[in-house]
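Good morning, colleagues. I would ask you to look at the sequence and the model on the screen, and I shall then take you through the structure.

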Amino acid sequence: MSKVQSYGQEFLDNVGYTLGYDVNNMPDVGDIEIVWAYRVPVWEYKGMSEIEYYGGVKWLGGLQ
């Protein structure tokens, strides 16, 4: 396993899965340290609200 893969897996195991990240949905390698330190959830990293990220806007009848 490469150092990058190992670092990514360490991130996921420690905080990544809790924050909504997974193997196919990781922050950029250069951003992992900041995401880890500040516990940035996946939806904030992607510039969305939690409702927008998980598609809840339709469920709420289009309320934003």
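The buried residues of H1 are Gly8, Phe11, Leu12, Val15 and Gly16. They lie on the same side of H1, because they cover an arc of only 115° around the axis, the arc being that of the directions from the helix axis to the C-beta atoms. Buried here means under 20% relative accessible area, exposed means over 50%, and partly exposed is in between, with a 1.4 Å probe and protein chains only. Helices (H or I, at least four residues) and strands (E, at least two) are DSSP runs, numbered from the N terminus.

Before I continue, a word on provenance. This is a predicted model, in which local features need pLDDT of at least 70 and side-chain atom pairs count only at pLDDT 80 or more, while totals for chains, interfaces and linings use all residues. Residues are numbered from 1 along each chain as its sequence is written, and side-chain values use heavy atoms, with hydrogens and water left out.

What does the buried side of H1 pack against? Its buried residues pack against H2, where contact means heavy atoms within 4.5 Å. The face turned away from that buried side carries the exposed residues Lys3 and Asp13. As to length, H1 comprises residues 3–16 and spans only 17 Å between its end C-alpha atoms, whereas a straight helix of 14 residues would span 20 Å; the expected span is 1.5 Å times one less than the number of residues.

Let me turn to the chain as a whole. It has five helices and zero strands. Of its 64 residues, 28% count as buried. The mean pLDDT, the predictor's confidence in each residue from 0 to 100, is 88 for the chain, and 86% of the residues reach 70 or more.

The largest nonpolar core has 11 residues, including Phe11, Leu12 and Val15, together with Ile32, Val42 and Trp43. A nonpolar core is a set of buried Ala, Val, Leu, Ile, Met, Phe, Trp, Tyr and Cys residues joined through side-chain atoms within 4.5 Å. One of the core residues, Ile32, touches Tyr7, Phe11, Met26 and Pro27, not counting residues up to four places away in sequence.

Is Val42 buried or exposed? Val42 is buried, with a relative accessible area of 0%. Leaving aside neighbours within four places in sequence, Val42 is in contact with Leu19, Gly20, Tyr21, Asn25, Tyr53 and Tyr54. The C-alpha atoms of Val42 and Tyr21 are separated by 6.0 Å, although the two are 21 residues apart along the chain.

For contrast, consider Glu33 in helix H2. Glu33 is exposed, with a relative accessible area of 57%. Glu33 and Phe11 are 22 residues apart in sequence and 8.7 Å apart in space, C-alpha to C-alpha.

Finally, the backbone. Most residues other than glycine have a negative phi. Arg39, in the loop between H2 and H3, has a positive phi of about 50° although it is not a glycine. Arg39 is partly exposed, with a relative accessible area of 45%.
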